[in-house]
Amino acid sequence: MDNIILFAVTSVTVIGAVCAAMLCIASKAMAVKVDERIAKIEAALPGSNCGACGFPGCGGYADALVNLPGTKPNLCPPGGAAVAEQIGEIMGTKAEALERTVAVVRCLGDRDALQKKMDYTGIPTCYAAKEMFSGEGACAFGCLGYGDCLLACPNEAIHLHNGLARVIPSLCISCGLCVKACPNHIISMEKESIATEVLCNNIEKGAVVRKKCGFGCIACRKCAKECPADAIAVEDNLAVIDHDKCTACGHCAEICITHSIQKMALKQ
Amino acid sequence: MKKIKGLHAPHCKNTAEMVPVAIPTPAVVTLPMKMHAGKPAIPVVKVGDQVKVGQLVGEADGRISAPVHSSVSGTVKSIDEIDGLIGEKRKSIVIASDGEQAVYEGLTPPIVTNLEEFLDAVHASGVVGLGGAGYPTAHKLTVKESVQLDYIIINGAECEPYITSDTRAMVDDADNVFEGALLLKEYLKPKKIVIGIENNKPEAIKEMRERMATVDGMEVCELPARYPQGERKVLVYNVTGRIVPEGGRLTDVGCIVINCTTVAVFAHYIKTGMPLVSRVVTVDGSAVNTPKNVIAPLGTPIGELFDFCGGLKDDVKKIIMGGPMMGAAVPNTDLPVLKITNAILAISEKDVEASKPTACIKCGRCTAKCPMRLMPSHIEDAFELKNIDLLKKYKVNMCAECSCCAFLCPARRPLSQVMVLSKKMLWEAK
């Protein structure tokens, strides 16, 4: 009886030892060389796998930085300047500073402001409503209010308030997924330093816009005339602010008749 | 051969006995440049121009397009962008009518002696598939020489509930339908011309039988009155037993399907030179006071048609252009009558389904009755996952958008909308 137990224990121990030795040798002899910078960069990246850099997740970006020459170290918007600097250190290059951008919903037409044109009872997504006379609201250019952007946001920075998508700037990680999700293309990434922005997309004539929405740009050109820096132009019945010329005086937001120009406070 | 039975939808053919009546000339007509599949027509008139009935106002842009003719006499008021059937913007010519309905002097019957001239005449008449698809007829009839054309099937099935405009065409305009069929026989030389009519239209069957019996190679095929007999692939299968391959055209199996009103319109054009400027529209639904068949100039706002039919009841909830199964719900009554508008329906609140969709119970009714043998419930899952490969695997591109699945679904899932959007998604992913 003793012999059998002893035999079993010894034989299994020997087999284990031999296999361990083989694995040890194999792991040394057949080791795949991995650049240790990849692991370092991956650790430095935020890890939200949002894909805003254009590569498949944070791992993909780290791999590309090391193995694809020419990949810029400042492509991670959620990480911002800090991560770009870290990557620059690891890679031994100097990263250009990149200003943080924030998603801006260019519409103010919530349920109170926007006239309703019909009851929509189909599939409750923006993508579906867009194909059906652009949803319930009278304006075909504004927020559809079913929250496709909200589902796309990885950081819960967007919420729906009274049928209108709203971004919380401090939570926005600048990934731009909401921009792609919006079928009406009303979300854009703006630099966080901008002082004012036109929050309307409607290119119809002023009288038509006025009937549809209380906050629509009616292209009255008041802002364009009064802007001290001459930074506002009206194109296609819509005011457009040139942020390079803008001196952030905020005058346009104060004088806008329909309040479609709003002061922005996007900084964290 | 086992015929595709389809499903039983209430027929509601309330207006089948009603002879179409012309409505008073509208004050303003709006003629979209795209009332058909393919490229939009190009406006050839300017604001302020005087136009007369039948005058060309929009020139066809190539062969997969159709010309647009003025439906009233008057002055071009503006050339504007208006809402189309799903809210997309379409360039349109707005004409203020002078009420005289003076006919354009330049209208002469075309000389038709061979196939080419026949196709040119069909093209010039502005006729498109009037059953609802709006495919330019001249292009449909242009078949490659290699194609052996066995059947031309004239579609008089009119399987959608409520609509009776095709029925009236086959009864009141029977001579034109027959003459059109003779023209098709003469120039396209198919082995057989079959007119498929559902058996709930005995009068139309009688009229057509009387005429068709006099000519060899023409016959009337009586179809069961079950939806969707008028779907082109279903019709081809039920008449000939042939199955159109995936991604293929009807000509691949030697068939052409053409709507009966379409046939009547180009026969009328070749006889008189008057292009397509007005059409019969069925005005019906539970919220219409006196349902009627009306003859309306193209571009008439649908609100005027409702007014002519005694106005709308107060509890109107939904307005549909087209039939209840395949038509499009529209948000207002300003939209114009298009070439493809065979019916406008106003439905009362009590008849509009308001229940919310519940979870799919996997009962399989949608799959059992799909005329294309698709699996709508699986396609819905793939759509929600935005999985293009699965959508391809389930062949959503075969869907005829007949809405049988949504009609039968006990969980009231919006399956037909899913199908339309899935096809769009697949198209965008290409």
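## Domains of chain A

Chain A is divided into domain 1, which covers 36–91, and domain 2, which covers 101–263. The model described here is a predicted one. The C-alpha centres of domain 1 of chain A and domain 2 of chain A lie 32 Å apart, and the two domains meet through five residues of domain 1 of chain A and seven residues of domain 2 of chain A. On the side of domain 1 of chain A that touches domain 2 of chain A, four residues are nonpolar, one is polar and none is charged.

## Domains of chain B

Chain B, too, has a domain assignment, with domain 1 running over 115–272 and domain 2 over 365–429. Between the C-alpha centres of domain 1 of chain B and domain 2 of chain B there are 28 Å, and the contact between these domains involves six residues of domain 1 of chain B and six residues of domain 2 of chain B. The side of domain 1 of chain B that touches domain 2 of chain B is made up of three nonpolar and three charged residues, with no polar ones.

## Where the chains meet

Chain B also touches chain A, in a contact that takes seven residues from chain B and 11 residues from chain A. Sorted by class, the residues on the side of chain B that touches chain A are five nonpolar and two polar, with no charged residue among them.

## Overall form of chain B

The secondary structure of chain B consists of 13 helices and 17 strands, and its C-alpha trace spans about 65 × 55 × 45 Å along the principal axes. A compact globule of 430 residues would have a radius of gyration near 22 Å, so the 21 Å of chain B agrees with that expectation.

Of the 430 residues in chain B, 49% are buried.

## Strand pairing in chain B

One open sheet of chain B contains four strands, arranged in the order E2-E8-E7-E4 with antiparallel pairing. Its edges are formed by strand E2 (28–32) and strand E4 (50–51) of chain B, each of which pairs on one side only. Within this order, strand E7 (residues 74–83) of chain B and strand E8 (residues 89–97) of chain B run antiparallel and are joined by nine bridges, and B:Val76 has B:Ile95 in E8(B) as its bridge partner.

A parallel pairing is found elsewhere along chain B, where strand E10 (residues 192–198) and strand E11 (residues 218–223) are linked over six bridges. Between these strands the chain passes from E10(B) through helix H5 (residues 202–212) of chain B to E11(B), which makes a β-α-β crossover that is right-handed. In this pairing, B:Val194 stands opposite B:Glu219 in E11(B).

## The loop residue B:Asn289

B:Asn289 is placed in the loop between strand E13 (278–284) and strand E14 (292–297) of chain B. Because B:Asn289 has 12 C-beta neighbours inside 10 Å, and a residue counts as exposed if it has 12 or fewer, B:Asn289 is classed as exposed.

Leaving aside residues up to four places away in sequence, B:Asn289 touches B:Cys309, B:Gly310, B:Gly311 and B:Lys313. The C-alpha atom of B:Asn289 is separated by 44 Å from that of B:Thr251, a residue 38 residues apart from B:Asn289 along the chain.

Notes. Residues are numbered from 1 along each chain as its sequence is written. Chains are lettered from A and ligands numbered from 1 in the order in which they are written. This is a predicted model: local features need pLDDT of at least 70, side-chain atom pairs count only at pLDDT 80 or more; totals for chains, interfaces and linings use all residues. Two strands pair if DSSP finds at least two bridges between them. Helices (H or I, at least four residues) and strands (E, at least two) are DSSP runs, numbered from the N terminus. A crossover is right-handed if, with the strands pointing away from the viewer, the path from the first strand over the helix to the second runs clockwise. Ala, Val, Leu, Ile, Met, Phe, Trp, Tyr, Cys and Pro count as nonpolar, Asp, Glu, Lys and Arg as charged, and the others, Gly among them, as polar. Domain bounds come from an automatic or database domain assignment. The radius of gyration is taken over C-alpha atoms; the globule rule is 2.2 Å times the number of residues to the power 0.38. A residue is buried if 20 or more other C-beta atoms lie within 10 Å of its own, exposed if 12 or fewer, and partly exposed in between; C-beta atoms are placed from the backbone.
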